[in-house]
Amino acid sequence: MCKSSSISVASISFVLRHLACLTAIWLACSWKLVALCAGIYVVGMFAGTRRFETGDQSRNNFGLALITLGEGGHNNHHHYQDRCRQGILWWECDPAHHALKLLSWVRIVRDIRPFPVSTRL
């Protein structure tokens with residue numbers, strides 16, 4: 001009877017230790033994600049160029065687009081909010097759009113709206 005009791009205490013201890021480790025990892029990743037989103041917001045609002053006049057201070061930043069796989073086209077995104085693509089011109093980095101385009105070819109993603117022809121140069 002004592003042996004089965006020690007096995008259950010050991011298994012509960014094992015589960016609790018691993019649960020604590022997983023919780024710590026989850027919290028660390030969550031804080032990194034919050035910091036990344038805040039950083040993208042700050043840089044996207046205060047550094048870069050403005051192609052469109054929007055009701056906010058959003059800006060396009062090429063360096064940020066390289067680091068974040070296309071999230072640097074902040075002003076483009078705020079002007080065309082229902083479009084998934086953030087890079088309008090050929091030189092604006094937007095790998096996330098290309099990944100979504102590939103997913104649309106295998107019918108995992110659908111209804112991707114293109115930009116109006118007048119915005120393409």
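This is a predicted model: local features need pLDDT of at least 70, side-chain atom pairs count only at pLDDT 80 or more; totals for chains, interfaces and linings use all residues.

**Pocket and salt bridges**

Guide: The second largest pocket has a volume of about 160 Å³. Residues are numbered from 1 along each chain as its sequence is written, and side-chain values use heavy atoms, with hydrogens and water left out.

Visitor: What is a pocket here, and what is a lining residue?

Guide: On a 1 Å grid over the protein atoms alone, a pocket is an open set of points where a 1.4 Å probe fits, with protein on both sides within 12 Å along at least five of seven lines; lining residues have an atom within 4 Å of a point. Grid points are joined across faces, edges and corners, and the volume is the space filled by probe spheres set on the points.

Visitor: How many residues of each class are in the lining of the second largest pocket?

Guide: Four nonpolar, nine polar and two charged. Ala, Val, Leu, Ile, Met, Phe, Trp, Tyr, Cys and Pro count as nonpolar, Asp, Glu, Lys and Arg as charged, and the others, Gly among them, as polar.

Visitor: Changing topic, how many salt bridges does the structure hold?

Guide: Four. A salt bridge is a side-chain nitrogen of Lys or Arg within 4 Å of a carboxyl oxygen of Asp or Glu. One of them pairs Arg51 with Glu92, at 3.0 Å from N to O. Arg51 lies in the loop between α1 and α2, and Glu92 in the loop between α3 (74–79) and α4 (95–105), so the pair ties together parts that are 41 residues apart in sequence. Helices are DSSP runs (H or I, at least four residues), numbered from the N terminus.

Visitor: Is Glu92 buried or exposed?

Guide: Glu92 is buried, at 12% relative accessible area, while Arg51 is partly exposed at 32%. Buried means under 20%, exposed over 50%, and partly exposed in between (1.4 Å probe, protein chains only).

Visitor: And which residue forms a salt bridge with Arg50?

Guide: Glu53, with the closest N and O atoms 3.2 Å apart. Glu53 is exposed at 70%, and Arg50 is partly exposed at 24%.

Visitor: What about Arg113 and Asp82?

Guide: Their side chains meet in a salt bridge at 3.8 Å, N to O. Arg113 lies in the segment after α4 and Asp82 in the loop between α3 and α4, so this pair ties together parts 31 residues apart in sequence. Salt bridges with shared partners join Asp82, Arg83 and Arg113 into one network.

Note on methods: Helices (H or I, at least four residues) and strands (E, at least two) are DSSP runs, numbered from the N terminus.
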